[in-house]
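Here are my notes on the model, as numbered points. Please read them with the coordinates open.

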Amino acid sequence: MMPATPTTISARAAAVLALTTLCAGAALAQGADQGAFLVRLGNDTVAVERFTRTPTTLDGVNLLRIPQTVVRHYTATFDARGYLTRYEVSVRGAAQPADAPPMQHALLTFRGDSAVVELHADSSRTVAVKAGPELLPLMNLGYASWETALLRARRTGADSVSIPMLFLGSPETSVVTIKRLGRDSVLMTTPFGDSRLAVDGSWHLLGLASPGSTQQVTVQRLRTVDIDALTRAFASRGMGMPSPRDTARAAFGDARVTVDYGRPSKRGRVIFGSVVPWNVVWRTGANAATTLVTDRDLEIGGTRVPSGTYTLFSLPSPDGWKLIVSRKTGEWGTEYDSTADLARIDMQVTTIPTPVEQFTITLEPGGEGGTLALAWDRTRASVPVRVVVSQ
């Protein structure tokens with residue numbers, strides 16, 4: 001069955017994908033030593049990858065569209081035990097000739113008990129990380145290395161395996177956990193959160209979904225893909241940042257209030273109850289935590305909030321929403337600590353007749369106060385705000 005073609009890509013890119021996309025079964029029938037992955041965020045194609053694997057090498061090319069379109073070539077070398085000995089990545093702009101010097105270059109080798117990464121871009125630097133050859137590389141929106149981890153986990157025969165993986169340039173490794181769920185499914189926990197993977201009997205990656213994670217992508221295995229044609233089609237069509245930061249500002253009486261937050265887009269997805277699960281604390285945006293700053297004491301939904309800086313989380317539910325005001329600040333958006341709650345405040349929820357494409361927080365002055373409102377897809381959740389008048 002052919003996958004749906006993303007609606008936001010060019011006709012040329014759509015034609016290339018239509019010609020090269022085959023089902024995962026056909027991909028493995030041609031030999032599991034090669035393949036490709038199509039990575040989508042909602043309706044948008046964000047990356048395409050093609051790779052070839054042998055017992056001692058992994059070679060591939062990854063076309064990435066975030067924030068601008070670049071092409072990443074990578075080569076990994078392994079010893080007879082399957083342990084990494086060398087990993088190299090070169091990054092070029094989509095419009096650059098293949099023989100042009102790369103925009104970025106990274107090389108990982110091992111010296112003693114450390115993985116040493118040499119990074120070259122506008123400047124050069126070297127990062128040494130304590131790690132052994134059991135280490136595997138991590139590439140953002142690149143999945144051949146995930147499959148390498150899957151194949152290694154299966155060889156152990158264990159139902160749950162932890163593997164150290166490294167983003168090149170990071171000062172420390174990340175522990176990736178791979179847990180067998182069933183004959184053809186695996187749960188993988190990475191720095192991005194949990195992803196559920198469909199695998200074949202040898203644990204080759206057939207597909208991936210990551211609802212509730214920080215990336216929210218889906219991945220589908222292809223037999224092959226014409227990277228050169230897609231590079232030409234996408235060359236001038238980078239996506240920018242998927243969830244750019246924005247700031248809502250307002251004066252409520254003599255109080256100055258700001259909310260800084262990330263703005264994810266709908267991209268054809270069902271949002272609440274799917275992208276944002278019900279009854280799970282949500283970061284109320286994307287990426288870094290959503291921050292509220294007020295220079296006066298406020299009353300939000302009847303709860304006093306002293307002047308200062310707070311993190312805003314929320315708890316969406318089919319039966320009603322709560323706004324969570326947290327005293328803890330400066331954290332990544334998924335790092336919620338309930339012991340830091342200042343208050344959980346009931347919100348008024350209404351249905352919007354026309355879907356809101358990009359998540360929006362507004363501060364709406366009115367009278368002696370106003371309203372703080374969240375809107376995305378067909379949902380608007382709001383809470384009244386007023387300035388506390390000193391006695």
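1. Buried means under 20% relative accessible area, with a 1.4 Å probe and protein chains only. The buried residues of H3 are Ala144, Ser145, Trp146, Glu147, Thr148, Ala149, Leu150, Leu151, Arg152 and Ala153. Helices here are DSSP runs of H or I with at least four residues, strands are runs of E with at least two, and both are numbered from the N terminus.

2. The basis is a predicted model, in which local features need pLDDT of at least 70 and side-chain atom pairs count only at pLDDT 80 or more, while totals for chains, interfaces and linings use all residues. Residues are numbered from 1 along each chain as its sequence is written, and side-chain values use heavy atoms, without hydrogens or water.

3. The length of H3 (residues 144-156) agrees with expectation, because its 13 residues should span 18 Å at 1.5 Å a residue and its end C-alpha atoms are 19 Å apart. The expected span is 1.5 Å times one less than the number of residues. Gly157 follows H3 and has a positive phi, near 80 degrees.

4. There are two cavities of 30 Å³ or more. A cavity is a set of points on a 1 Å grid, over the protein atoms alone, where a 1.4 Å probe fits but cannot get out; lining residues have an atom within 4 Å of a point. Points are joined across faces, edges and corners, and the volume is the space filled by probe spheres set on them.

5. The largest cavity holds about 50 Å³. Its lining includes Tyr143, Trp146, Asp194 and Gln215, and strand E13 (residues 193-199) gives the largest share, three residues. By class the lining has five nonpolar, six polar and one charged.

6. The second largest cavity has a volume of about 40 Å³. Among its lining residues are Glu49, Tyr74, Ala144 and Ser145. Six are nonpolar, two polar and one charged. Ala, Val, Leu, Ile, Met, Phe, Trp, Tyr, Cys and Pro count as nonpolar, Asp, Glu, Lys and Arg as charged, and the others, Gly among them, as polar.

7. Nine strands form an open sheet with antiparallel pairing, in the order E16-E17-E18-E21-E22-E23-E24-E19-E20. E16 (245-252) and E20 (303-305) stand at the edges with a single partner strand each, so one side of each lacks a neighbour in the sheet. Two strands pair if DSSP finds at least two bridges between them. Three bridges join E19 (residues 298-300) to E24 (residues 369-387), and Leu298 stands opposite Val387 in E24.

Key. On a 1 Å grid over the protein atoms alone, a cavity is a set of points where a 1.4 Å probe fits but cannot get out, and a pocket is an open set with protein on both sides within 12 Å along at least five of seven lines; lining residues have an atom within 4 Å of a point. Buried means under 20% relative accessible area, exposed over 50%, partly exposed in between (1.4 Å probe, protein chains only).
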